[in-house]
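Please look over the sequence and the structure below. A short report on selected features follows.

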Amino acid sequence: MNNNDMMEKEEIFSKVLRAGRRTYFFDVRATKADDYYLTITESKKFTNDDGSFHYKKHKIYIYKEDFSEFKSILAEMTDYIIQEKGDEVISERHQKDFKKEYDQDGYNNANANNENAHKPAESFTDIDFDDI
């Protein structure tokens with residue numbers, strides 16, 4: 001029996017999150033010592049020019065001794081993103097017919113209530129990085 005077969009047999013509990021062309025797999029697995037750990041796999045579908053497709057996978061392993069700090073940092077980071085950028089779904093911006101709405105001053109109306117709203121490019125100073 002090869003290592004892939006062993007890994008499949010060690011799976012204890014699983015959940016799947018489908019998110020467009022991405023799928024996230026959350027799997028509880030067992031170590032040889034019969035302790036549990038979590039794997040999170042991102043699987044992303046890519047379509048080739050000829051219509052065929054392939055998947056790219058990225059996996060992280062999270063062990064029990066890291067759960068508390070991992071949960072805390074994950075919550076902090078996700079809260080920060082929502083606080084700074086709101087709940088707007090980013091993928092909506094990538095659609096071909098998406099148009100940002102700007103007010104008369106050139107500010108994005110979607111971020112009107114956000115203190116850190118993006119300013120138009122004209123309001124920034126042009127610098128030369130060779131000077132640094």
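## Tyrosine rings

Tyr61 is partly exposed, at 42% relative accessibility. Its ring partner Tyr37 is buried, with a relative accessible area of 7%. These values come from a predicted model.

The structure counts 3 aromatic pairs. In one of them, Tyr37 and Tyr61 are tilted, with 35° between the planes and 6.1 Å from centre to centre. Tyr37 belongs to strand β3 and Tyr61 to strand β4, so their pairing ties together parts that are 24 residues apart in sequence. Ring pairs also bring in Tyr63: Tyr37, Tyr61 and Tyr63 are linked into a cluster.

Strand β3 covers residues 36–47, and strand β4 covers residues 53–63. The two pair in the antiparallel sense, over 11 bridges. Thr39 stands opposite Tyr61 of β4.

Together, β3 and β4 form a hairpin, with 5 residues between them. Gly51 sits in the turn and has a positive phi of about 95°. Asn48 is also in the loop between β3 and β4. Asn48 is partly exposed, with a relative accessible area of 31%. Beyond its neighbours within four places in sequence, Asn48 is in contact with Phe53 and His54.

## Charges over a ring

Which charged ends sit over the ring of Phe46? One belongs to Arg21, 4.7 Å from the ring centre. Another belongs to Lys56, 5.1 Å from that centre.

## Salt bridges

How many salt bridges does the structure hold? There are 2.

One joins Asp27 and Arg29, whose closest N and O atoms are 3.7 Å apart. Are these residues buried or exposed? Asp27 is buried, with a relative accessible area of 7%. Arg29 is buried too, at 4% relative accessibility.

In the other, the side chains of Lys64 and Asp35 meet, at 2.7 Å from N to O. Lys64 lies in the loop between β4 and α2 (67–85), and Asp35 in the loop between β2 (22–30) and β3, so this pair ties together parts that are 29 residues apart in sequence. Lys64 is partly exposed, at 45% relative accessibility. Asp35 is partly exposed as well, with a relative accessible area of 34%.

How values were computed:
Residues are numbered from 1 along each chain as its sequence is written. This is a predicted model: local features need pLDDT of at least 70, side-chain atom pairs count only at pLDDT 80 or more; totals for chains, interfaces and linings use all residues. Side-chain values use heavy atoms; hydrogens and water are left out. Two strands pair if DSSP finds at least two bridges between them. Helices (H or I, at least four residues) and strands (E, at least two) are DSSP runs, numbered from the N terminus. A salt bridge is a side-chain nitrogen of Lys or Arg within 4 Å of a carboxyl oxygen of Asp or Glu. Buried means under 20% relative accessible area, exposed over 50%, partly exposed in between (1.4 Å probe, protein chains only). Contact means heavy atoms within 4.5 Å. Rings of Phe, Tyr and Trp (its six-membered ring) pair if their centres lie within 6.5 Å; planes under 30 degrees apart count as stacked, over 60 as edge-to-face and the rest as tilted. A charge sits over a ring if NZ of Lys or CZ of Arg is within 6 Å of the ring centre and within 35 degrees of the ring normal.
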